[in-house]
Each structure stands twice: as structure tokens, then as C-alpha cells.
Amino acid sequence: MIYVCIDTMAFLSMPMGQTTQGKRDFIVWVDTYLKTAQSHTYQYRGLDVYAARCSLLHAFSAEARIHKEDVSVPVFRYLDNGPHAFDPSVSPRVVLISVEMLIQDLARAIMGFFAAMETDADLRALVESRLPSLYEELPFGVDAP
């Protein structure tokens, strides 16, 4: 679900005139907004997070095709709490992601995105123009078209 939220944010912020959100949009959004505490030994990289998204959504596992094609992309393993951790001397391809920290980091990223909309009228207009395609309210008892 976390990665679907990022997909949605990437869709909202993709360039004007673009109608389909893709890999590049996801990576740019992560690189721009998703940050964690500097004390963690792993800092998010858009490509890594995109690979984690693909592994869960498409491969239903910890690894996706991108992990096999690009050895620089680490595999995420998840833990309940604590800092994100990466020690290439122990395991060069495994990053431990704290689910609790990831949720907190995502919340801060979304709040940062909303703050950017408050100061950037073009971004706000772009997001407002795309909101109707994300959500449609139907009165109770009315069938969808």
C-alpha cells in the first residue's frame, strides 16, 4: 500500500501534458520528497524504492526483474521497527527497511509535497487538474457508469 501511495503522488506531480505515470515519475518523486533520518545507514534512492515496489506489486516477492538486471539495486528486507540499515561489508545487496520508519517518512514526504503545492501555484494547479481522475464520489444507491 505504501508504494501505491507513492505511485499516486508521482501521478499527481508528473509533467503537464503527460497522462500516464511511469517509472521515471516515481523515481523523481521519491528522490525529491522521500527522506529518512541522516543517522540511518541507508538513505532512499528512487531506483531502489521503485524496485521494491515492482517486487511486491508484480513479482510478489522481495526481488523483481530489475534486481537481476542491475546489481547496484539492493533488495529490501523489512523489519518492524528501528532505523533503516545497510552494511555492504555484511551483505552488499540487502537493505533492512523499518516499516514503521518508512510509514513515518512517507507521511513527511506527502506533507512536504503538500507544502510545495502551497508555494508553487503551477504545481497546485497541476495537482488540482488531476484530482478528479483519482476519485469520483457517487451518491449512495447509484450505480457507477
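**Entry 1: the chain overall**

Among contacts in the chain between residues at least 6 apart in sequence, what percentage join residues at least 24 apart? I looked this up and found 45%, with contact taken to mean heavy atoms within 4.5 Å.

I note that this is a predicted model, in which local features need pLDDT of at least 70 and side-chain atom pairs count only at pLDDT 80 or more, while totals for chains, interfaces and linings use all residues. I number residues from 1 along each chain as its sequence is written, and the side-chain values use heavy atoms, with hydrogens and water left out.

I find six helices and two strands in the chain, both being DSSP runs numbered from the N terminus (helices H or I, at least four residues; strands E, at least two). From the N terminus on, I read the order of elements as α-α-α-α-β-β-α-α. Taken along the principal axes, the C-alpha atoms fill a box of roughly 55 × 35 × 30 Å. Of the 145 residues, 37% count as buried, where buried means under 20% relative accessible area, exposed means over 50% and partly exposed lies in between, with a 1.4 Å probe and protein chains only.

I turned to helix 1 and helix 2, which pack at an angle of about 100° with their axes 8 Å apart; the axes are lines fitted to C-alpha atoms, for helices over the stretch in contact, and angles run from 0 to 180 degrees between N-to-C directions. That angle makes helix 1 roughly perpendicular to helix 2, since angles of 65 to 115 degrees are given that name, those under 35 count as roughly parallel, those over 145 as roughly antiparallel and the rest as oblique. On the helix 1 side I list Y3, I6, D7, M9, A10 and S13 in the contact, and on the helix 2 side D25, F26, W29 and V30. These residues divide into seven nonpolar, one polar and two charged, on a scheme where Ala, Val, Leu, Ile, Met, Phe, Trp, Tyr, Cys and Pro are nonpolar, Asp, Glu, Lys and Arg are charged, and the others, Gly among them, are polar.

Helix 2 (residues 23-33) also packs with helix 3 (residues 46-59), at an angle of about 125° and with the axes 8 Å apart, and I therefore record the two as oblique to each other. The crossing of helix 2 and helix 3 is right-handed, which I take in the sense that the near helix is turned clockwise from the far one by less than a right angle, anticlockwise being left-handed. Here K23, F26, I27, V30 and D31 of helix 2 meet G46, L47, V49, Y50 and R53 of helix 3. By class, I have six nonpolar, one polar and three charged residues in the contact of helix 2 with helix 3.

**Entry 2: helix 6 and what covers it**

Which residues of helix 6 (residues 121-130) are buried? I list L123, L126, V127 and R130. They span an arc of only 95° around the axis, which puts them on the same side of helix 6; the arc is that of the directions from the helix axis to the C-beta atoms. Their cover includes helix 1 (2-13), helix 2 and helix 5 (99-119).

I then checked helix 5 against helix 6, finding an angle of about 115° with the axes 5 Å apart, which makes helix 5 roughly perpendicular to helix 6. The crossing of helix 5 and helix 6 is left-handed. In this contact F113, A116, M117, E118 and T119 of helix 5 meet A121, L123, R124 and V127 of helix 6, and I count by class six nonpolar, one polar and two charged residues.

**Entry 3: single residues**

Is V75 buried or exposed? I find V75 in strand 1 (residues 75-79), and buried, with a relative accessible area of 4%. Leaving aside neighbours within four places in sequence, V75 is in contact with A62, E63, H67, R93, V94 and V95; the C-alpha atoms of V75 and R93, 18 residues apart along the chain, are separated by 5.9 Å.

L57, which I locate in helix 3, is partly exposed, with a relative accessible area of 34%. Not counting residues up to four places away in sequence, L57 touches V4 and D7, and I note 9.0 Å between the C-alpha atoms of L57 and V4, which lie 53 residues apart along the chain.
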